[in-house]
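Here are some notes to read alongside the model. Please keep the viewer open as you go through the points.

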Amino acid sequence: MKKWLSMFLAAVMLCGVLAGCGGTQSGSTPASGAQSASAAGDSNVNAEGFPIVNEPITLRGMVALNANVKDWNEHPALKRMEELTGIHIEWECVPDAGFTEKRNLAFASDDLPDIILRAKISPQEEMKYAANGQLVALDEYLDYAPNLSALIEQDDAIRKGITMPDGHIYSCPQLNKTEGNLIHHYWINKTWLDNLGLEAPTTVDELYDVLVAFRDNDPNGNGQKDEIPYCVVGKDYPHRMFYDLLGSWGFGINGVMDSDYAFSWLDIDDAGNVRFIGREDKFKNMVEFYNKLWTEGLVDKESYSQD
């Protein structure tokens, strides 16, 4: 079964880059398996188009399950891909909180699935597992991944970013080139804005004024001062309060260095150099702004304890 892994991964990339949510490190999708095999030499595999295999096959998959996503075995998009490819995957959906332990046990016991998504594997771990013969070198199958191959040809930084020191590629990257990393959104209660005759804020000063109005002017109309103006996503992402407004102080505009939302406080300045944000004078101004929000009761006090 292990030989199918690299065939499957490479073939799926005909449809696009297969990736999890997160940065190149934690969102990488490694291929597990001690041996690689030539897909071209297997009569069951089609080099182009669908189905990928003539006779249906079943693979084992493991995924770090985001709390916002239900059972992957019932995912309609994956069911559609099964129809197109002829490949059925039996997914073991492991909650994020316990995934790292489960993944480590799988590698330690060498009881590995055929594919791991949202693997949360560092480059150092990737090299160790590859040296142990537990990961398949995917670069041997790039002919079956024209979309990824084209991206690599267009931007050599992609190849460098996913190539390990031994010269091989063992995981599929998440590639995110959206302006300002549009994965990170702010949401605001438009009903409350409308009830108070306010517009959505476009600067941090306007944001402050709106939050004060939410706190003091009863936007939900129940006659009580019980509104919570600002809430952070939760205890799993304690840095997110800083992360989401970095651009307002000129940070992260040219790119940030992070991994699966674990912000490292490094970004790229206007000269193209990596810098540590905490040393910048304007970082102090940002901290003072957040301190004002906290001390004036504009931030949910349970933001860093709730799950």
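**Notes on the predicted model**

1. Let me start with Val45, which is placed in the loop between strand 1 (29-30) and strand 2. Helices (H or I, at least four residues) and strands (E, at least two) are DSSP runs, numbered from the N terminus. Val45 counts as buried at 13% relative accessibility; buried means under 20% relative accessible area, exposed over 50%, and partly exposed in between (1.4 Å probe, protein chains only). From Val45 to Glu55 the C-alpha to C-alpha distance is 8.7 Å, with the two 10 residues apart in sequence.

2. A word on the ground rules: this is a predicted model, in which local features need pLDDT of at least 70 and side-chain atom pairs count only at pLDDT 80 or more, while totals for chains, interfaces and linings use all residues. Residues are numbered from 1 along each chain as its sequence is written, and side-chain values use heavy atoms, with hydrogens and water left out.

3. Now to the strands. Strand 2 (residues 57-65) and strand 3 (residues 87-95) run parallel and are joined by 9 bridges; two strands pair if DSSP finds at least two bridges between them. Met62 has Glu92 in strand 3 as its bridge partner. Between the two strands the chain passes through helix 2 (residues 76-85), and this β-α-β crossover is right-handed: with the strands pointing away from the viewer, the path from the first strand over the helix to the second runs clockwise.

4. Gly86 is found in the loop between helix 2 and strand 3. Gly86 is buried, at a relative accessible area of 17%. In space Gly86 and Thr58 are 8.7 Å apart, C-alpha to C-alpha, and in sequence 28 residues apart.

5. Which residues of helix 3 are buried? They are Phe99, Arg103, Ala106 and Phe107. These residues cover an arc of only 90° around the axis, so they lie on the same side of helix 3; the arc is that of the directions from the helix axis to the C-beta atoms. An α-helix has 3.6 residues a turn, so residues three or four places apart point the same way. The face turned away from the buried side of helix 3 carries the exposed residues Ala97, Glu101, Leu105 and Ala108.

6. On to the rings: the structure holds 7 aromatic pairs. Rings of Phe, Tyr and Trp (its six-membered ring) pair if their centres lie within 6.5 Å; planes under 30 degrees apart count as stacked, over 60 as edge-to-face and the rest as tilted. One of the pairs is Trp192 with Phe214, edge-to-face at 5.2 Å centre to centre and 85° between the planes. This pair links distant parts of the chain, with Trp192 in helix 7 (residues 190-196) and Phe214 in helix 8 (residues 204-216), 22 residues apart. Trp192 is buried at 16%, and Phe214 is buried at 3%.

7. Trp249 and Phe289 form a tilted pair, 5.5 Å centre to centre with 55° between the planes. Trp249 lies in the loop between helix 9 (240-244) and strand 6 (256-257) and Phe289 in helix 10 (residues 281-295), so the pair ties together parts that are 40 residues apart in sequence. Trp249, Phe289 and Tyr290 form one aromatic cluster.

8. Finally, two lysines deserve a look. The charged end of Lys292 sits over the ring of Tyr208, 4.0 Å from its centre, and Lys282 lies over the face of Phe251, 5.1 Å from the ring centre. The cut-offs are NZ of Lys or CZ of Arg within 6 Å of the ring centre and within 35 degrees of the ring normal.
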